[in-house]
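Please read it alongside the sequence and the model.

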Amino acid sequence: MKTEQHEDNSTHTRDGMNAAEGSIVVKAPIACVYRRWLEFEDYPKFITAIKRVRKLDESHFAAVLGFNGKQHEATLEIMLRIPERRLAWRTISNGHSLDHLAAGVVSFAARPDTSTCVNFKLTSSFGGAVSRRIDQYLHNFKKLIEAS
């Protein structure tokens, strides 16, 4: 019996931003899943475009992102935290990557079997196939959580 759901939806806007959305069911309680998404330093383990993350304060993280063979420095800012429901972040300019922006929103829904449905939306100007990356990131996250 397959317990995984996946939906992929991708768009491209006039301003060069690519957006995609996907969802997956993870066999773990919502509290555990939410906590793991709050651990920004672990993002390189499942979001492969993020190479390194270092915490600056409760809402800001210095990150090194890798796209198309180039590395970009950015500051990630947590914009919204609703425990066990939703988490949103964006990159903010640090003077090095003024022309590249990204934002993500992840929401969580508990399921009756104690698994969690994770819905992830990503908008990025870094290029590349955002819809394929969403799929990869969600599957990487699922493997990371279910192996714990």
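The points below are grouped by topic, after a note on the model.

This is a predicted model, in which local features need pLDDT of at least 70, side-chain atom pairs count only at pLDDT 80 or more, and totals for chains, interfaces and linings use all residues. Residues are numbered from 1 along each chain as its sequence is written, and side-chain values use heavy atoms, with hydrogens and water left out.

**Cavity**

- The count is 1 cavity of 30 Å³ or more, where a cavity is a set of points on a 1 Å grid over the protein atoms alone at which a 1.4 Å probe fits but cannot get out.
- The largest cavity has a volume of about 170 Å³, volume being the space filled by probe spheres set on the points, which are joined across faces, edges and corners.
- Lining residues have an atom within 4 Å of a point; there are 16 of them for the largest cavity, and Ile47, Ile50, Trp89, Ala102 and Leu122 are the closest to its centre.
- Two or more lining residues come from each of β4 (60–67), β6 (86–92), β7 (102–110), β8 (116–124) and α2 (130–147), the elements being DSSP runs numbered from the N terminus (helices H or I, at least four residues; strands E, at least two).
- Strand β8 gives the largest share of this lining, 3 residues.
- By type, the lining has 13 nonpolar, 2 polar and 1 charged residues; Ala, Val, Leu, Ile, Met, Phe, Trp, Tyr, Cys and Pro count as nonpolar, Asp, Glu, Lys and Arg as charged, and the others, Gly among them, as polar.

**Salt bridges**

- The structure holds 6 salt bridges, each a side-chain nitrogen of Lys or Arg within 4 Å of a carboxyl oxygen of Asp or Glu.
- A network of salt bridges links Arg36, Glu39, Asp42 and Lys45.
- Within it, Asp42 pairs with Arg36 at 3.5 Å between the closest N and O atoms, and with Lys45 at 3.4 Å.
- Asp42 and Arg36 are both buried, meaning under 20% relative accessible area, with exposed over 50% and partly exposed in between (1.4 Å probe, protein chains only).
- Lys45 counts as exposed because its relative accessibility is 53%.
- Lys55 and Glu58 also form a salt bridge (3.2 Å, N to O); Lys55 is partly exposed at 39%, while Glu58 is exposed at 53%.

**Surface patch**

- Met79, Leu80 and Ile82 make a nonpolar surface patch of about 250 Å²; patch residues have over 30% relative accessible area and no salt bridge, with nonpolar side chains (Val, Leu, Ile, Met, Phe, Trp, Tyr) joined within 5 Å and like charges within 9 Å.
- Leu80 lies in strand β5 (residues 70–82) and is partly exposed, at 33% relative accessible area.

How values were computed
Accessible areas come from the Shrake-Rupley method with a 1.4 Å probe; for residues, only the protein chains shown count as cover. On a 1 Å grid over the protein atoms alone, a cavity is a set of points where a 1.4 Å probe fits but cannot get out, and a pocket is an open set with protein on both sides within 12 Å along at least five of seven lines; lining residues have an atom within 4 Å of a point.
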